Amino acid sequence: MFHSKISGLGFYVPDNVVTNDDLSKIMDTNDEWIQERTGIQERRHIVRGQDTTTTMGVKASKIAIERSGISYDAIDFIVFATISPDYYFPGPGVALQKELGLNTVGALDIRNQCSGFVYALSVADQFIKTGMYKNILVVASEVQSLGLDMTDRGRGVSVIFGDGAGAAMLSRSDDDSAILSTHLHSEGEHAKELAVLAPGMGGRWVTDILADKNPDDESYFPYMNGQFVFKHAVVRFSEVINEGLQANNLLVSDIDMLIPHQANLRISQFIQKKFGLKDDQVFNNIQKYGNTTAASIPIALTEAWEQGKIKKGDTVVLAAFGSGFTWASAIIKW
Ligand code: ACO
C-alpha cells in the first residue's frame, strides 16, 4: 500500500483587518469581552468584489502548488472543503479546477464545517493509499463575513468568525513522511446547536420559500448554543486526539505539534492543559484571524510550518470539532 505526505502548504487571508474595536462601532460589544471569551483580537473580512471563497482558495492553492514543486499537469484530483460556497451549486471544486487551468481532473466538494479540512485530507489520503492518484490538491476556504448578523442580535456569534483559505498538496510519499491515520466522527443529534438552517429546502417547494421570504428571518444567520458547543468540543477534541495516538502507539509526549481547529482560544487552552502540552507543542493563531471554520487548520498548519515550528520527522496532530456535530483528527509523521 502507498502512503501520502503533505508536499506543499499555502494560505491566503484578505488584507482587510477588522479589529474588536471596529466591531464595537457597529454592534454592542467590546474588545475586553471578545478577548476574554475567545482570545480573538482581530480577524480578516473580504472586501466585496475583491475576493470570494473560490478566489481565496485559488490564491492559497497557487502557493501550495509552487512550494510542492508539483507541476499543474501532475495534479490528479481536487478536494475542496467549505461551508460558504460561492453558489448553492455547483460547488467551488470545479471553479478551482477552471481557475487553476487544471486538466479535467475530478473535483470533490466537502461540507463538514470546521472539521472539513481533516475530512478532506482523509478522503485524499485514501485515494493515494489505494494508488489511484499521486497528487491531490486539498483546499479549504471560507467567506464567513457576508453571512453574519452584524447587529446586536448576532453579536454572540459574529465576533468569532473570519475569512480565509488554506491549501495542502498531498502527494504519494517516497520516504518516511506520511499521514499515519485519520479518524472521523459525527453526531447528528446535535445538528441544530450550531447551524445555519437556510437556504436549505427543508422539505418545501422553492416557490413557497420565496413567497415567505422575510428580511428578519434569522434562519439565514448562524445559530450557536455557545456553552453547549464548548462542553462537547472539549470532550470530542480529547477523544479524537487520544484515538489517533492510540492507533499509532504514540504517547502524548510524542506530539511535536498539535494544530487544533481555531474555534476559540479557550478551547485550545483547555485541551493543552488537559494533555499537559507545553506552549511550543500547540499552535494557535485565532488571535489574528478569528475562527475561519474549515480553513482554520490549513492556515494554522501553514503558518506553523512557515515559522519553522514543524520539522522533518515531527509528529503533527490535527484535531477538529464543528457543526454537525463532526469531529476528526489526523496523525502525521512530517
Ligand atoms: N459582546 C459583548 N457581550 C456579549 C457578546 C458580545 N459579542 N455576545 C454575547 N454577549 C453577552 C450576552 O448577551 C450575555 O449577556 P447577559 O449575561 O446580560 O445575558 C453575556 O455576554 C454572556 O453570554 P453567553 O452567551 O453566556 O457567553 P459565554 O460566556 O457562553 O461566551 C462564547 C460565549 C464565547 C461563544 C462561549 O460560549 C464559547 O466559548 N463557546 C464555545 C463555542 C465556540 O467556540 N464556538 C466557535 C465556533 S464553533 C466551532 O468552531 C466549533
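Visitor: At what angle do the axes of helix 3 and helix 4 cross?
Guide: The axes of helix 3 (residues 53-68) and helix 4 (residues 92-99) cross at roughly 55 degrees and come within 9 Å. A heads-up: this is a predicted model, where local features need pLDDT of at least 70, side-chain atom pairs count only at pLDDT 80 or more, and totals for chains, interfaces and linings use all residues. Residues are numbered from 1 along each chain as its sequence is written.

Visitor: Why is helix 3 called oblique to helix 4?
Guide: Angles under 35 degrees count as roughly parallel, over 145 as roughly antiparallel, 65 to 115 as roughly perpendicular and the rest as oblique. Roughly 55 degrees makes helix 3 oblique to helix 4.

Visitor: Which residues make that contact?
Guide: Helix 3 brings T53, T54, G57, V58 and S61, while helix 4 brings P92, A95, L96 and E99. Being in contact means that C-beta atoms, placed from the backbone, lie within 7 Å.

Visitor: What makes the ligand's shell lie between domain 1 and domain 2?
Guide: Domain 1 (4-175) and domain 2 (179-333) both give residues to the shell, so it lies between them. Those bounds come from an automatic or database domain assignment.

Visitor: Which residues come nearest to the ligand?
Guide: Of the 24 around it, T29, G226, F230, A263 and N264 do. To be near, a residue needs its C-beta atom, placed from the backbone, within 6 Å. Helix 8 gives the largest share of the shell, five residues.

How values were computed
Axes fitted to C-alpha atoms, helices over the stretch in contact; angles between N-to-C directions. Helix = DSSP H or I, 4+ residues; strand = E, 2+ residues; numbered from the N terminus. Contact = placed C-beta atoms within 7 Å.
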